[in-house]
Each structure stands twice: as structure tokens, then as C-alpha cells.
Amino acid sequence: MKSTGIVRTIDKMGRFVIPKELRKTMDLTSPADALEVFVDDDKIVLRKYSPSCIFCQSLDNVVDYAGKKVCAECIRKLYEKIDTSETAKTVAAEQ
């Protein structure tokens, strides 16, 4: 874990402010953005919440891959794109 050197106090209501620089870096710019909260031993971990596919924002058949949410339809489209690209390279190499 990387230290930012930023320290914030908690107010009477239990709130603290996430610095603007970190919100910008983590793309937490919209009031609709949400954070997931995790506890790891003595640490509180905050992560940008993203329940939908990172490509099409679908909520159907979403799986977690390398920390990103991707739906089955986008996975299928990616495979098609890769297959088409590989086929084109093979045809070009044969000519």
C-alpha cells in the first residue's frame, strides 16, 4: 500500500473528506459515485464501487476479472474481435 502523506480527522458525525486530488485520481467526480468499504485486520480499505460492466454498464451476467466487472456479452464481443484480428493477420501473412 502506498502512503499519500495526507491525514484527515473525523468529525462529530464520523465523516472525513477524501482530498480532491485522490477523488480525481480515482475518478470519483460524480455525486453518484459510490465506495465499497472493506476491513483488513486493522485497516479500512475504500474502493470505487462498480457493480456494472465497465464497457456497457450492463448489470446482467457480470463477472469479476482482474478487479474489473465485465458482462458475458462484452466478453463474447472481445473474443470475436480477437478472433477476427487473428484471422486477418493469418490471411495477410499467407499472401
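Helices (H or I, at least four residues) and strands (E, at least two) are DSSP runs, numbered from the N terminus. This is a predicted model, in which local features need pLDDT of at least 70, side-chain atom pairs count only at pLDDT 80 or more, and totals for chains, interfaces and linings use all residues. Residues are numbered from 1 along each chain as its sequence is written, and side-chain values use heavy atoms, with hydrogens and water left out.

**Figure 1. Overall fold of the protein chain.** The protein chain has two helices and four strands. Along the sequence the pattern reads α-β-β-β-β-α. Of the 95 residues, 7% are buried. Buried means under 20% relative accessible area, exposed means over 50%, and partly exposed lies in between (1.4 Å probe, protein chains only).

Figure 2. Asp41 sits in the loop between β1 and β2. Its phi is positive, about 55 degrees, although Asp41 is not a glycine. Asp41 counts as exposed, at 71% relative accessibility. Ala66 sits in the loop between β3 (62-65) and β4. Phi of Ala66 is also positive, near 55 degrees, in a residue other than glycine. At 67% relative accessibility, Ala66 counts as exposed.

**Figure 3. Salt bridge between Lys48 and Asp27.** A salt bridge is a side-chain nitrogen of Lys or Arg within 4 Å of a carboxyl oxygen of Asp or Glu. The count by this rule is six salt bridges. In the one between Lys48 and Asp27, the closest N and O atoms are 3.4 Å apart. Lys48 lies in strand β2 (residues 43-48) and Asp27 in the loop between α1 (20-25) and β1 (35-40), so the pair ties together parts that are 21 residues apart in sequence. Lys48 is partly exposed at 27% relative accessibility. Asp27 is partly exposed at 44%.

**Figure 4. Salt bridge between Asp42 and Lys43.** The side chains of Asp42 and Lys43 form a salt bridge, with 3.9 Å from N to O. Asp42 is exposed, at 71% relative accessibility. Lys43 is partly exposed, with a relative accessible area of 32%.

Figure 5. Arg76 and Glu73 form a salt bridge, with 2.3 Å from N to O. Both residues lie in helix α2 (residues 72-94), three residues apart, about one turn of the helix. Salt bridges that share partners join Glu73, Arg76 and Glu80 into one network. Arg76 is partly exposed at 38% relative accessibility. Glu73 is partly exposed at 37%.

**Figure 6. Nonpolar patch on the surface.** Ile10, Phe16, Leu35, Val37, Ile44 and Leu46 form the patch, with about 590 Å² of accessible area together. β1 and β2 are the elements that give two or more residues to this nonpolar patch. Leu46 is placed in strand β2. Leu46 is partly exposed, with a relative accessible area of 35%. Patches are made of residues with over 30% relative accessible area and no salt bridge; like charges are joined within 9 Å, and nonpolar side chains (Val, Leu, Ile, Met, Phe, Trp, Tyr) within 5 Å. Accessible areas come from the Shrake-Rupley method with a 1.4 Å probe; for residues, only the protein chains shown count as cover.

**Figure 7. The largest pocket.** The largest pocket has a volume of about 940 Å³. Its lining has 25 residues, and the closest to the centre are Thr4, Phe16, Leu22, Ile44 and Leu46. β2 gives the most to this lining, with six residues. α1 and β2 each supply at least two. By class, the lining has 15 nonpolar, four polar and six charged residues. Ala, Val, Leu, Ile, Met, Phe, Trp, Tyr, Cys and Pro count as nonpolar, Asp, Glu, Lys and Arg as charged, and the others, Gly among them, as polar. A pocket is an open set of points on a 1 Å grid over the protein atoms alone, where a 1.4 Å probe fits, with protein on both sides within 12 Å along at least five of seven lines; lining residues have an atom within 4 Å of a point. Grid points are joined across faces, edges and corners, and a volume is the space filled by probe spheres set on the points.

**Figure 8. The second largest pocket.** The second largest pocket holds about 430 Å³ of space. Of its 18 lining residues, the closest to the centre are Lys48, Tyr49, Ser50, Pro51 and Ile54. β2 and β4 (68-71) are the elements that give two or more residues to this lining. The lining residues divide into seven nonpolar, four polar and seven charged.
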